[in-house]
Amino acid sequence: MSALRMPHPMARHSEVARTIRDGFWVIALGAIGCYAFFVALGAIKPGEVWGVTIAVAVLLALWLARAWSRSHLARVERDPRLAHARERRGF
């Protein structure tokens, strides 16, 4: 008996919603990068700006969870015929 495959709920979003969602993640990654840059530069000390440090830590945790989730979904949705063909060619 085969399982019923339903499309992922995020796939039903409109193009505008996807653009807004992707824009948020780009801005979040930019904020994380800016924070890391200024900490590495020595311009700010994480112990002195607890609020910003916690906010960036939450953004980083959310971004990592999203990245893990997307990689997991991509692994599930792979076509096994492509993997077999790649293994047959030796790649």
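This report describes the fold, core, surface and selected contacts of one protein model.

## Basis of the model

The structure is a predicted model, in which local features need pLDDT of at least 70 and side-chain atom pairs count only at pLDDT 80 or more, while totals for chains, interfaces and linings use all residues. Residues are numbered from 1 along each chain as its sequence is written, and side-chain values use heavy atoms, with hydrogens and water left out.

## Overall fold

The protein contains 3 helices and 0 strands, and its pattern along the sequence is α-α-α. Helices here are DSSP runs of H or I with at least four residues, strands are runs of E with at least two, and both are numbered from the N terminus. Helix H1 covers residues 15-41, and helix H2 covers residues 50-76.

Of the 91 residues in the protein, 9% are buried. A residue is called buried under 20% relative accessible area, exposed over 50%, and partly exposed in between (1.4 Å probe, protein chains only).

In soluble globular proteins, nonpolar side chains tend to be buried together. In this model, the largest nonpolar core has 6 residues: Trp25, Ala28, Ile32, Tyr35, Val56 and Leu59. Helices H1 and H2 each supply at least two residues of this core, and H1 gives the most, with 4 residues. Such a core is a set of buried Ala, Val, Leu, Ile, Met, Phe, Trp, Tyr and Cys residues joined through side-chain atoms within 4.5 Å.

Leu59, one of the core residues, is in contact with Phe24, Ala28, Ala31 and Ile32, when neighbours within four places in sequence are left aside. Contact means heavy atoms within 4.5 Å.

## Tyr35 and Thr53

Tyr35 lies in helix H1 and counts as buried, at 14% relative accessibility. Not counting residues up to four places away in sequence, Tyr35 touches Ile44, Pro46, Val52, Thr53 and Val56. Tyr35 and Val52 are 17 residues apart along the chain, and their C-alpha atoms are separated by 8.6 Å.

Thr53 is placed in helix H2 and is also buried, at 18% relative accessibility. With residues up to four places away in sequence not counted, Thr53 touches Tyr35 and Pro46. The side chain of Thr53 reaches the backbone oxygen of Pro46 at 3.0 Å.

## Ala55

Ala55 is found in helix H2, where its relative accessibility of 41% makes it partly exposed. Ala55 and Ile32 are 23 residues apart in sequence, and the distance from C-alpha to C-alpha is 9.5 Å.

## The surface

The protein exposes about 7,700 Å², of which carbon and sulfur atoms supply 69%. Accessible areas come from the Shrake-Rupley method with a 1.4 Å probe, and for residues only the protein chains shown count as cover.

Trp50, Ile54, Val58 and Leu62 make a nonpolar surface patch of about 430 Å². Ile54 belongs to helix H2. Patches are made of residues with over 30% relative accessible area and no salt bridge; like charges are joined within 9 Å, and nonpolar side chains (Val, Leu, Ile, Met, Phe, Trp, Tyr) within 5 Å.

## Salt bridges

Side chains of opposite charge can pair when their charged atoms come close. A salt bridge is a side-chain nitrogen of Lys or Arg within 4 Å of a carboxyl oxygen of Asp or Glu, and by this rule the count comes to 2.

Glu15 is exposed, with a relative accessible area of 53%, whereas Arg18 is partly exposed, at 27%. Arg21 forms a salt bridge with Asp22, and the closest N and O atoms of this pair are 3.9 Å apart. Arg21 is partly exposed, with a relative accessible area of 21%, and Asp22 is partly exposed, at 35%.

Key
A polar contact is a pair of N or O atoms within 3.5 Å; within protein, one must be able to donate a hydrogen and the other to accept it, and residues adjacent in sequence count only if both atoms are side-chain atoms.
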